[in-house]
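Work through the following exercises with the sequence and the 3D view side by side. Try each task before you read its solution.

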Amino acid sequence: MGGVAVLAGGLSSIAQSAGPTKEVRLVAGPGRARVVPSPHPETAIWAYNGTAPGPEIRVRQGERLRVAVENRLQEETTIHWHGVRVPNAMDGVPHLTQKPIAPGESFTYEFTVPDAGTYWYHPHQRSLEQVERGLCGALVVEEPEPLQVDRDVTWVLDDWRLLKDASISGDFGNRMDAGMSGRIGNTVTVNGRVRETFGVRAGERIRLRLVNAANARIFGLEFEGHRVQIVALDGQPVEPHAPEGGRIVLGPAMRADLVIDMTGAPGARFRVMDTFYQDLEYRLLDLAYADAPLRERPLEAPLALPGNPLPEPDVGAAARHEVTFDGGMMSGMMGGMMQGMGRGHVWAVNGVSASGHVMDPMFALPQGQSCILALHNNTAWHHPIHLHGHSCRVISRNGEPTRHREWQDTVLMAPRERAEIAFVADNPGDWMLHCHILEHQAAGMMGVIRVEPPGTRT
Ligand SMILES: [Cu+2]
């Protein structure tokens, strides 16, 4: 693959590049998993290829990925390739970009992967139940020259609401979850099961890819006794930096790539804590050092990742659009004042509470236009806001420029927070902009943005 040409030409030249094709088969269907350790029984789950999370898909940047999906569920499904800048028809949004895959039927997704980084895949059909029951998986796009580390590890973080018999509680989309913080589970897993330890060796350097696959839980991870460097967010490289306050905060659907040098002593143990929710902190697992070190001192290789071929938005010439998020309990907006509110629809985007994926776009952007979306969270709740088909620079929060101007596809907004995101609308089609707390999404927190190729009129 011509790396230089790719960087100069952007998305379109990548789409035309004739790299090798990676073939993957995913079967969505019922399965069983040991989510919690014995003596608890196994849990009935929905799974890709029998496991939750499903298989980690690994491709090289610029390769083509072809995924044949077979639906052995009792209901329709799709797959969305979260964060990957795919052509619209491959985006996996039911009825908006494709007919959902009926039970017993198959669909093949095929696209070229433009950006290196950590992504994930999951259904966009009734996600609040399908993702929660286990349908999710990591998608890792490798750089042509990967970072020099001893191990490249993925942790798919998830939580489950289990009953005493270890079965998944069936109360999906209840009013409390929908109107408040979403479905927070009672059992947190790393790569599908409750873990006590993660084995490391003194002197080891690990690239740790975190994926938050939970419906609603926000993680705030602290690695006690270790210096952590964030090298990518939502797949996109960022200037390597220590997390603010020593805590890596990830809303649902967000990812972070960390580099951690294992500077502890052989035989030592250190806690990895999740401290996001006040008074509800818990130990995720322990880093457990082996008795034999890997080497005396950690590697001293550079941490910065090469950039991806993202078009740089011209902030000075950008079209500006306001997007407001309203609703939820304790926000003063519960009374059905917005279009479509009521009957379980408790959230709205620009005044409209969505009841499906097909809706009129909030606005249309000419293809190639730089734009700024000014996001206003008018609610009392956190919301991870996800834009499909693009990655956006987060340029300000509450009127203050951001320090790293990070690229994100999912922007976590605190209660009442404002954020500005900037991007080039270079990917034509109708794209979802929605909250990735899946109960909020199901209760109306979705909108559509249209990117129009030249010569199109609405
Ligand atoms: Cu939300």
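**Exercise 1: A residue in a strand**

Ala44 is part of strand E2, which covers residues 43–48, where strands (E, at least two residues) and helices (H or I, at least four) are DSSP runs numbered from the N terminus. The model is a predicted one, in which local features need pLDDT of at least 70 and side-chain atom pairs count only at pLDDT 80 or more, while totals for chains, interfaces and linings use all residues. Residues are numbered from 1 along each chain as its sequence is written, and side-chain values use heavy atoms, with hydrogens and water left out.

Task: Is Ala44 buried, partly exposed or exposed, and which residues is Ala44 in contact with, leaving aside its neighbours within four places in sequence?

Solution. Begin with the cut-offs: buried means under 20% relative accessible area, exposed over 50%, and partly exposed in between (1.4 Å probe, protein chains only). Ala44 counts as partly exposed because its relative accessibility is 44%. Next, take contact to mean heavy atoms within 4.5 Å; with neighbours within four places set aside, Ala44 touches Gly31, Arg32 and Ile168.

**Exercise 2: A salt bridge across the chain**

Task: Which residue forms a salt bridge with Arg393, and how many residues apart are the two partners?

Solution. A salt bridge is a side-chain nitrogen of Lys or Arg within 4 Å of a carboxyl oxygen of Asp or Glu. Arg393 pairs in this way with Glu312, and their closest N and O atoms are 2.8 Å apart. Locating the partners, we find Arg393 in strand E25 (residues 392–397) and Glu312 in the loop between E19 and E20, so that this pair links distant parts of the chain, 81 residues apart. Finally, Arg393 counts as buried because its relative accessibility is 15%, whereas Glu312, at 44%, counts as partly exposed.

**Exercise 3: The largest nonpolar core**

Task: How many residues does the largest nonpolar core have, and which strand gives the largest share of this core?

Solution. A nonpolar core is a set of buried Ala, Val, Leu, Ile, Met, Phe, Trp, Tyr and Cys residues joined through side-chain atoms within 4.5 Å. The largest one has 36 residues, and those with the most contacts inside it are Trp155, Phe223, Leu258 and Leu284. Its largest share, five residues, comes from strand E19 (residues 282–289). Apart from this core lies another, of 31 residues, among them Val346, Trp381, Cys392 and Val411. In soluble globular proteins, nonpolar side chains tend to be buried together.
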